[in-house]
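Please read the points below alongside the sequence and the coordinates.

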Amino acid sequence: MSLRADLEREVARLAAVEAIACLKADYARLVDGRESPREIAEMFTEDGVWDGQERFGVVRGRDEVFRFFDEVRAHVTWPCHNMVAPSIGVADDLVTATAHWYLWMPCTIDGRALWLAGRYEDDLVREADGRWRFRRMLLHVETLTPYERGWEAERFPGESE
C-alpha cells in the first residue's frame, strides 16, 4: 500500500474508534438521563443482544431492548454509569469492532443505594447507513453491593460469602 492509502486507512480506523467511544458515552448518557428507551434500542442492530447474564437477564432484538429499558426505568431510579479504561479494536474490514470497558456505577435500584462494578464486552458493526451499532453488549457484574455495607461485607445483596 502507498503511504497515502496507509494514512487514509489509519484515519478511518481512528474515526471508527472515536465513533464507538461516542456511541458508548451516548448509551450511558441516555440510560442515566432516563431518556426514551427507543433511542437506546436504536443503538443496537435489529437483532442486537443486551446480555446482563444471570444477574439482569438477556434480551434479543430492538423491540426487546426497548421493552427492557422501558421496564428498567421503574426499578433503577438513579443510575450513574462511569465507563472506564476503554479498549476498542476495529477489524481490518473497518466494519466490525470489539470494545471493552470497566463499569463503576453508583445507583439506586428499588429504593436502595448500591455500588455496581463490572465489565462490558461489546461487539459492534458499522451498518449500511454508516452508523456504528451494538451487535452484542455483554455485562459481567463483579459486584452489586449495598452502599452502606460495601463489597467486602456484602458483595451481592442477600448473599453471604
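The numbered points below take up one lysine, one threonine and then the salt bridges of this predicted model.

1. K24 is found in helix α1, which covers residues 3-32. With a relative accessibility of 1%, K24 counts as buried, because the cut-off for that class is under 20%. The side chain of K24 is joined to that of D122 by a polar contact of 2.9 Å.

2. T77 has its place in strand β3, residues 76-79, and at 43% relative accessibility it counts as partly exposed. Although T77 and I109 are 32 residues apart in sequence, their C-alpha atoms are 6.2 Å apart in space. Not counting residues up to four places away in sequence, T77 touches R34 and T108.

3. How many salt bridges does the count come to? The count comes to 14, and three of them are taken up here, beginning with the one in which the side chains of R13 and E10 meet at 2.7 Å, N to O.

4. R38 and D63 meet through their side chains in a salt bridge of 4.0 Å, N to O. Because R38 lies in helix α2 (residues 37-41) and D63 in helix α4 (residues 62-75), the pair ties together parts that are 25 residues apart in sequence. Both ends are partly exposed, R38 with a relative accessible area of 35% and D63 with one of 46%. The 4.0 Å distance deserves a careful reading, because the criterion for a salt bridge is itself within 4 Å.

5. R62 forms a salt bridge with E127, and the closest N and O atoms of this pair are 4.0 Å apart. Since R62 lies in helix α4 and E127 in the loop between β6 (112-126) and β7 (132-146), the pair ties together parts that are 65 residues apart in sequence. R62 is buried, with a relative accessible area of 12%, whereas E127 is partly exposed at 25%. R62 and E127 also belong to a network of salt bridges that links them with E42, E46, D129 and R133.

Technical notes
Residues numbered from 1 in each chain as written. Predicted model: local features only at pLDDT ≥ 70, side-chain atom pairs only at ≥ 80, totals over all residues. Heavy atoms only, no water. Helix = DSSP H or I, 4+ residues; strand = E, 2+ residues; numbered from the N terminus. Buried < 20%, exposed > 50% of the residue type's maximum accessible area, 1.4 Å probe, protein only. Polar contact = N/O pair within 3.5 Å; in protein donor to acceptor, adjacent residues only side chain to side chain. Contact = heavy atoms within 4.5 Å.
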